[in-house]
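Please load the model in the viewer and keep the selection panel at hand.

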Amino acid sequence: MFLAALTRLFQEGHDLVFWNDAGGEFAPQVDAIGIEGVQVLRLDRTPALQAKISIEREVDGRWLIYAPFDEPEPAQDWLLDARLRGKPFSADTASIQLEELGLNTRSLRDHLKLRGKFLRARDRFDRVKRWVQPTDTADDLDRKMIAAVARAETADPAAILLKAFAALVAEGRDLGARPRLLEELTSFDLEQAFWAMAERELGYREPGDEPSSLRGLLYRLFATDFCSSVRGVQASLAHFVIAERVMAANVSVFASRWRTDMANYRSYDVLSGWVADELKISSILGPMQAEELADAMTFEAIEKRVIGDLKARIIAGGGANMDSVRDLIARRRDGHWANPLLAGANDATRALAASYDALEAAAGFFELQAKHLQGFSFADAGTAFQAYRTELFRFDQLYRWFMRASETVEPMGWSLLHELRDRMEDAHSGWFIGQLASAWGAVAEGPAGLLAKWKLDEVVNQQNFYARHVAPAFEGGAKRVFVVISDAFRFEAAAELVDELNSRSRVKARLDAMLGVLPSYTALGMASLLPHQRLAYKGNASLDVTVDGQPSSTLEQRSAILAAHGGVAIGRDALMEKGKDKGREFVKPHKVVYVYHDLIDMIGDKRGSETKTFEATANAIKELSELVSFIVNNLNGSTIFVTADHGFMYQESALDEADRHTVEEGMPGVLKPKKRYILGRGMWPMQNAWAGNTATTAGTDEGTGSLDFLVPKGAGRFHFVGGARFVHGSAMPQEIVVPVIVVKESDTEKAKTRQVEVSLLGSSNKVVTNKQRFEFIQTEAVSERVLPVTLLLSIRDGDQSVSDEQILTFDSTSPMLDERKRSVMLTLAAGSYDRTKDYFLVARDAKTKAEAWRAPLRIDLAFSNDF
C-alpha cells in the first residue's frame with residue numbers, strides 16, 4: 001500500500017519526498033522500492049551533509065529521503081531547506097489511507113485508525129473512496145462507511161435508512177428483529193455512528209439510557225408524520241412525536257419520499273402496518289372524521305377510516321352534499337394507498353382504489369335518484385326513449401360501476417362496502433327498475449302505445465340499420481365501411497366506450513340509438529342488422545330467421561348474405577390475429593366488413609358465469625376499443641359503426657318467485673319458450689305480459705313469416721332455468737335502446753387530444769415558512785379532447801428536491817373557475833437556504849415523469865421556523 005502512495009506523490013509533481021519512519025518499521029522494504037526516475041537516499045547510511053550535497057548538485061533529480069528515526073529539530077537539521085520545499089510522507093496505514101482518500105484534514109488520521117477494521121478490506125475501502133470529498137468530516141466518513149456496508153446506491157442518509165428498513169422487512173417478522181445490517185455495523189464499530197446519523201437527520205433518540213432500535217425509530221417516524229398531517233398531536237402518540245420543528249419537518253419529507261419511491265414503497269407498506277398494529281392506530285382513528293384525515297397518508301388504516309366515513313355520509317345523505325364527498329375522494333386518490341399509478345398494483349391498493357370508485361358511483365347514483373325522487377312520468381314513448389338515452393341510462397351505468405368496483409374489494413374480506421352494496425341493490429333493482437318499469441309500461445301499452453306501432457319519431461328502427469346508417473355512408477363518400485356488432489352490448493356500456501374513444505387522437509366518436517327489434521334476442525337482432533329487403537321466420541323447429549330467403553344464424557351464412565352487397569363477415573379475434581398486412585389483404589376486396597364480437601352474452605347467458613356479467617362488460621369495452629384502434633391504425637378504416645343485437649337486464653341480487661310470471665298450463669301455440677320471451681302463434685294473453693307480432697316490432701313478413709310473442713312486463717321472467725340475473729328479450733329500455741356508435745377517423749386539430757393546463761395561483765413567489773400551501777387553477781374544463789392530468793409537485797434546488805413530493809389530479813369538468821382550484825401543502829427539508837437564490841416549484845407528469853413546468857421561488861425562512 002505504501003508503494004502506491006509514494007508513487008502517487010511523485011506523479012503529482014513532488015521531487016523531494018521525506019519519509020521519517022520512527023522505529024524503522026519499513027527499513028527492510030525500502031531497498032526494494034523501484035519508482036521510475038526516483039533515487040532512494042537513506043539517511044541511516046548516508047550522512048546528512050553528503051545527502052544535502054547530492055541533492056543540490058542534481059538540480060533536476062527526484063529523491064526519496066528515508067530515515068528510520070524521527071525528524072530532527074530544525075536547528076539540528078542539515079536538510080531543513082530541502083525539507084521545507086519537499087513533501088512529507090508517513091507510511092502508517094491511517095496516513096496512507098488519508099492520502100489515498102484525498103482528505104484535507106490531517107486530524108482525520110486518528111479517526112481512520114478507529115475505523116481500521118472496516119478499512120482493512122480493499123473492496124470496502126474502494127466502495128467508500130468513490131464517495132469521499134476532500135472536505136469530509138469524521139461524521140461524513142462514518143456515513144459513507146455505513147452506506148458501503150448497507151450497499152446503498154448513494155451515501156445519502158435517506159438511502160441508508162431505506163436499506164435498513166428493507167432489511168428489517170426481508171429478514172424479520174416483527175419490529176423487534178435485528179437485521180444483519182445492524183450486526184455488520186456493530187462488527188465494524190459503526191452502529192453508534194448509525195444511530196448518531198439517525199439523530200442528526202430525523203431527531204431520533206431514546207430517552208435516558210434506553211438503547212436505540214429500529215422499532216423506536218419507526219415508532220417516532222410514523223407517529224410524527226401522522227400527527228403533523230392532522231390537527232393536534234394525538235395524546236396516545238405524544239411521547240413518540242419528535243418535538244423539534246426542523247426534525248419533524250425532515251421526518252415528513254423522508255416519509256413522503258419513502259412512500260413515493262417505487263423501489264422501496266413496499267417496505268413502507270409493511271412497516272407502517274406493523275407500527276399501526278402495535279400503536280393501535282385504528283382505535284385512535286375511530287372518532288376522527290374524513291376532513292381531519294384528508295391530508296394524512298401515514299397508515300393504510302386511515303384510508304379505511306376515510307372510506308367508512310364517506311360511505312356513512314353517502315347512505316345518510318340520500319344524494320345531498322355529494323360535492324364534499326367527491327372532493328375528499330379526489331384528495332385520497334392522489335395519495336399513496338389508493339393510487340395504483342404511484343403506489344403499485346398490489347391487491348390492497350387495487351381494492352382501496354376500487355373502494356373510492358364504488359363510493360363515487362354510489363354518490364352519483366343517489367344524487368341522480370334525489371333528482372327523480374318522485375319517480376318517472378313520460379308524456380309518450382318518444383319522451384321516455386329520449387329520457388333514457390340522455391340521462392336515465394346513467395342509473396344502469398353507475399350501478400354497474402359500483403358493483404364492478406365492489407367485486408374488486410370483496411376478495412380482501414373487508415366489510416367496508418357491505419351496507420352500501422345492499423343500499424345500491426335496493427335502490428337500483430328495487431326503486432329504479434320498478435319506477436322505470438311502471439312509467440315505461442304506461443307509454444308502451446294501449447292503442448296509442450309503443451307496442452301498437454313500434455315506431456318513434458326521429459329514431460331509426462333496428463331493422464333499418466343498413467339502409468339508414470351504412471348505405472348513406474357510401475353516399476357520403478366512404479370507400480369502405482366497418483360494422484362492429486357486439487352481442488348484448490347495451491347503451492350505457494356504449495356511452496362509456498364513446499368516452500374512451502374520444503380520449504384518443506385521430507378518431508371522433510358519436511353515440512346514437514335505435515329502437516331494437518322485439519323480442520330483443522340474438523337471432524332476430526343479428527338478422528335485422530344485415531342488408532335486406534325482407535326478414536322472415538322459417539317454419540322449422542329452431543325458428544331460424546331468414547334474410548331475403550337466406551339463413552342468417554352462423555358467421556358463414558351472414559358472410560354469404562353480405563357478399564351480395566360487396567361485403568364479408570369475420571369474428572373480432574380472427575380479424576385482429578391477422579395483423580396489419582394480412583388484415584389489409586383480407587378487407588381489400590370488400591366495401592363493407594361486418595365484425596362480430598361476443599363476450600357479454602357468452603358470459604352472462606349461463607348460470608355458472610352470469611355473476612361475471614359486469615366483468616364481461618368491462619372487458620368488452622376494452623376489446624372493442626382495441627378493435628376500433630386496430631381498424632383505424634392498421635386497416636385504414638375511416639368509417640366505423642359499433643352496434644349490438646340487443647341489450648340486457650341484470651341484477652346482482654337473486655330473484656325470488658315473485659319475479660316469475662308462470663305461463664298458464666295448456667297455453668296453446670307455444671313454439672319457443674325462453675326466460676324473457678315466448679314465440680308462437682295464437683297464444684293466450686297473459687296479465688303480466690305484453691303481446692305482439694314480429695311483423696310490427698321487427699318488420700318480418702306478414703303472415704307465415706312472422707310470429708306472435710309474449711314478453712314479461714317490467715323486469716319479470718317466465719322461468720329461471722339456466723340462470724335468471726342476466727336476461728334479455730323483452731321491451732325494457734335496457735334491452736331495446738340499441739346503441740349505434742359512429743366512429744370517424746380525423747387528423748384535424750379538433751380530433752387531437754391534449755392534457756389540461758394547470759397554472760399556479762397568486763403573485764407571491766416567496767416561501768417564508770417550513771410548511772407552505774400552494775394553490776393551482778385548472779385553466780379549462782376537462783372534456784372529450786382535453787384530458788385530465790396528474791402532477792407530482794415539489795420544491796427543487798435545480799434538480800435536487802428540497803421538499804416532500806405531493807400528487808394532485810386535475811380532472812374537473814366544471815365550467816366554474818372556483819370549482820377547478822386545487823391546493824397542496826409542501827414541507828421543506830431541513831437545510832441552509834440562500835434567500836438571494838432561485839429555487840423552483842416543479843410540476844412533473846405522474847405517468848411519464850416529464851417536467852410540465854417550473855416556477856421560480858425565493859426561500860426566506862423566519863428565525864422562528866428553526867431553519
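Begin by selecting residues 180–187, helix α11, together with residues 191–202, helix α12. In this predicted model, the two helices pack at an angle of about 115°, and their axes are 7 Å apart. To view the contact itself, display the side chains of Leu182, Leu185 and Thr186 in α11, then those of Glu191, Phe194 and Trp195 in α12. By class, this contact of α11 with α12 comprises four nonpolar residues, one polar residue and one charged residue.

Next, select helix α9, residues 138–150, and helix α10, residues 157–171. Here the axes come within 10 Å and cross at roughly 35°. The crossing of α9 past α10 is left-handed. On the α9 side, the contact is formed by Arg143, Ile146, Ala147 and Ala150, while α10 contributes Pro157, Ile160 and Lys163. Classification of the residues in the contact of α9 with α10 gives five nonpolar, no polar and two charged.

Strands of a sheet pair through backbone hydrogen bonds, in either a parallel or an antiparallel manner. Select the open sheet of four strands whose order is β15-β16-β18-β17; its pairing is antiparallel. Which strands stand at the edges? They are β15 (670–673) and β17 (689–693); each has a single partner strand, so one side of each is left without a neighbour in the sheet. From one strand to the next, the twist averages 20°.

Within this sheet, focus on β15 and strand β16, residues 678–680, which run antiparallel and are joined by three bridges.

For the last stop, select Thr827, which lies in strand β29, residues 821–827. Is Thr827 buried or exposed? Its relative accessible area is 3%, so Thr827 is buried, the cut-off for that term being under 20%.

Now display the surroundings of Thr827. Leaving aside residues up to four places away in sequence, Thr827 touches Ala249, Val253, Asn770, Lys771, Val802, Ser803 and Asp804. With one of these, Lys771, there is a polar contact between side chains, at 3.1 Å.

Notes. Residues numbered from 1 in each chain as written. Predicted model: local features only at pLDDT ≥ 70, side-chain atom pairs only at ≥ 80, totals over all residues. Heavy atoms only, no water. Axes fitted to C-alpha atoms, helices over the stretch in contact; angles between N-to-C directions. Contact = heavy atoms within 4.5 Å. Nonpolar A, V, L, I, M, F, W, Y, C, P; charged D, E, K, R; others polar. Left-handed = near helix turned anticlockwise from the far one by under 90°. Pairing = 2+ DSSP bridges. Buried < 20%, exposed > 50% of the residue type's maximum accessible area, 1.4 Å probe, protein only. Polar contact = N/O pair within 3.5 Å; in protein donor to acceptor, adjacent residues only side chain to side chain.
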